[in-house]
Amino acid sequence: MKRAIIDTPAAPRLDINRFIETLAEERGLDVDVIITTLEAALSSAYKKYQAGNQNIEIKIDRDSGGIIINEIRNVVENVENPDTEITLKDALMYDINSDLGGTVKIRRNPADFGRIAAQTARQVIAQRLRDEERKIVYNEFADKVGELVTGTIYKNEGDQTIVQLNDKTDAILTRKEKIPNERYNLGSIMKFYVLDVKQTARSPKIMLSRTHPGLLRKLMEVEVPEIQQGIIEIKSIVRDAGARAKVSLITLDPNVDPVGACVGNGGTRIKAISSALKGEKIDVIVFTEDPLNYIRAALSPAQIAKVEPVLDTERSAIAYVYQDQLSLAIGKLGQNVRLAAKLTGWKIDIKTIEPDRMPTLKDIFHDVFNE
């Protein structure tokens, strides 16, 4: 006996090729992503329409712009769930190669599903596409944590500033991450350090910083080719954002002066970096394993007469300066010595010493004068 295959009606036509292409171009999404999203949305719409628990496979015909709807049922001996199961006898009407334990696809074409699909899918598609856009933004910037980005000041909202990184992506600069007294005028273009990227229900939350030491590091990498090439290595950075920073360097090539390379001809390189940080003063020094010499260098621009360790205290030293260098060594509100201590990891006290001079009669006859 010859088995018959039931010829099911053609799938409903939902010409969406033009819509998909426009959407892909406007939102910068991959066509395959849109089609996959649309197929999932149509499956959801079909299940609601049928009010059942069928296993649905919906494919979009890219040539015709129509949709192909198949219900997938398991071929069983006794049907317990008509939504997902079918007997072998009935399955053979759809596919002569059906067998127990396998599956069969049944083509469907509900009369008014095209209208319902269009209405339901439009809502679901919009949400799914927003989700995909969020994923794209998150994936793009999650890899940029710790990197340098350029942004435009878009809006000031209370203590925080909204920064536009591109046409679709905004980021947040909180008060804590702002350089003190720096102006964030609308439309201004600045460099930022990507502090963190978090996925949220609404959109990725990108946090920026203007105070992080990493911002200075990245700016130096951009301005100093020797750092990009690995000839000069940044050992450590400390910052009092917008005021002063100290950077210690080592060179892997004895013929390259790390300080001179970073300062640049006529100070052009260091000036460009400072300008990007609201005029922040940047002290560039050479790192050394000798802690006392490292402390001496870290206290620049002050000239240090000598540095001595405090013998009964671990990682503690006294830096001696002449009187005319005292204020420079300490810095405004203790800024210079504080940054030097942070850079070296040593506690530093500043003391003055008297300049060399000829002894006076009072010095020679000290005991006599005292009596």
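Visitor: Which side chain does Asp 196 meet in a salt bridge?

Guide: Keep in mind that this is a predicted model. The N to O distance for the pair is 4.0 Å, and a salt bridge calls for a nitrogen within 4 Å of a carboxyl oxygen. The partner of Asp 196 is Lys 198.

Visitor: Is Lys 198 buried, partly exposed or exposed?

Guide: Being exposed takes over 50% relative accessible area, and buried means under 20%. Lys 198 comes in at 48%, so this residue counts as partly exposed.

Visitor: How many residues apart in sequence are Asp 240 and Arg 338?

Guide: These two form a salt bridge, with the closest N and O atoms 3.0 Å apart. Asp 240 sits in strand β10 and Arg 338 in helix α11, so the pair ties together parts of the chain whose separation is 98 residues.

Visitor: Which residues are linked with Glu 71 in a network of salt bridges?

Guide: The structure holds 17 salt bridges. In the network that includes Glu 71, the other members are Arg 73 and Arg 108.

How values were computed
Residues are numbered from 1 along each chain as its sequence is written. This is a predicted model: local features need pLDDT of at least 70, side-chain atom pairs count only at pLDDT 80 or more; totals for chains, interfaces and linings use all residues. Side-chain values use heavy atoms; hydrogens and water are left out. Buried means under 20% relative accessible area, exposed over 50%, partly exposed in between (1.4 Å probe, protein chains only). Helices (H or I, at least four residues) and strands (E, at least two) are DSSP runs, numbered from the N terminus.
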